[in-house]
Amino acid sequence: KIENLESLLETEEFNYLQSIGVELYNEKKRFDLLSVFDELIDENAWSRLFAYLFSSKKEHGLRQSAIREWLNLGVETNKHLKNFLNQLPSEEKSETNTITEWYTETGRRLDILIKIQDNRTGDIKAIIGIENKVDSGEQFEQISDYQKSLIKTFPNKPILIFFLTPDGRQPQTSLSHKECPC
């Protein structure tokens, strides 16, 4: 395995990644691995990466720590998120399953759907939708269509939808919805 690592260190790809990392470190004065990858991967790859990390069934050993830590990042400033977290079953009593490219009944595709389920019965306890917008804008009524579809598909469940962008812009097509805040 040492030989494999040594041969990796000699590749052009590794040198390129290393140069990006050094450049980003010099700009921000801290290392940020995800920023390195931002230069190299697209929106679909980000969705697959988040879906992998947020699923407790994958063999990464994180269980639900990635999704729960991520959700806790905004709990201080977001009343909808705080309310959502208060409705979740404990990590010991639940599991998270992720789906990339979840289709609505109208044929739209939400980037990631996360089901928080009872780990004994499989009953859905809560839903999280994630829409990534890396290099593209919103389509007509896109986020509001996702909100409506999630409410219809998962009635009477706690639901949140996240709109992720590298620049932190707000969604233009979301509805102010108590049942599915964005």
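**Notebook: aromatic pairs and one serine**

I looked up Trp102 and found it buried, because its relative accessibility is 11% (buried means under 20% relative accessible area, with a 1.4 Å probe and protein chains only). The model is predicted, so I noted its limits: local features need pLDDT of at least 70, side-chain atom pairs count only at pLDDT 80 or more, and totals for chains, interfaces and linings use all residues. Residues are numbered from 1 along each chain as its sequence is written, and side-chain values use heavy atoms, with hydrogens and water left out.

I then checked the whole protein and noted seven helices and four strands (DSSP runs: helices are H or I, at least four residues; strands are E, at least two; numbered from the N terminus). Of its 182 residues, 40% count as buried.

Next I looked up the aromatic pairs and found five in the structure (ring centres of Phe, Tyr or the six-membered ring of Trp within 6.5 Å; planes under 30 degrees apart are stacked, over 60 edge-to-face, the rest tilted). Phe50 and Phe54 are stacked, because their ring centres lie 5.8 Å apart with the planes at 20°. Both sit in helix α4 (residues 43-54), four residues apart. I read 17% relative accessibility for Phe50, which counts as buried, and 4% for Phe54, also buried.

Trp102 and Phe154 make a tilted pair, 6.0 Å centre to centre and 35° between the planes. I found Trp102 in strand β1 and Phe154 in the loop between α7 and β4, 52 residues apart.

Last, I looked up Ser144 in helix α7 (residues 142-153). Ser144 is buried at 3% relative accessibility.

Methods
Buried < 20%, exposed > 50% of the residue type's maximum accessible area, 1.4 Å probe, protein only.
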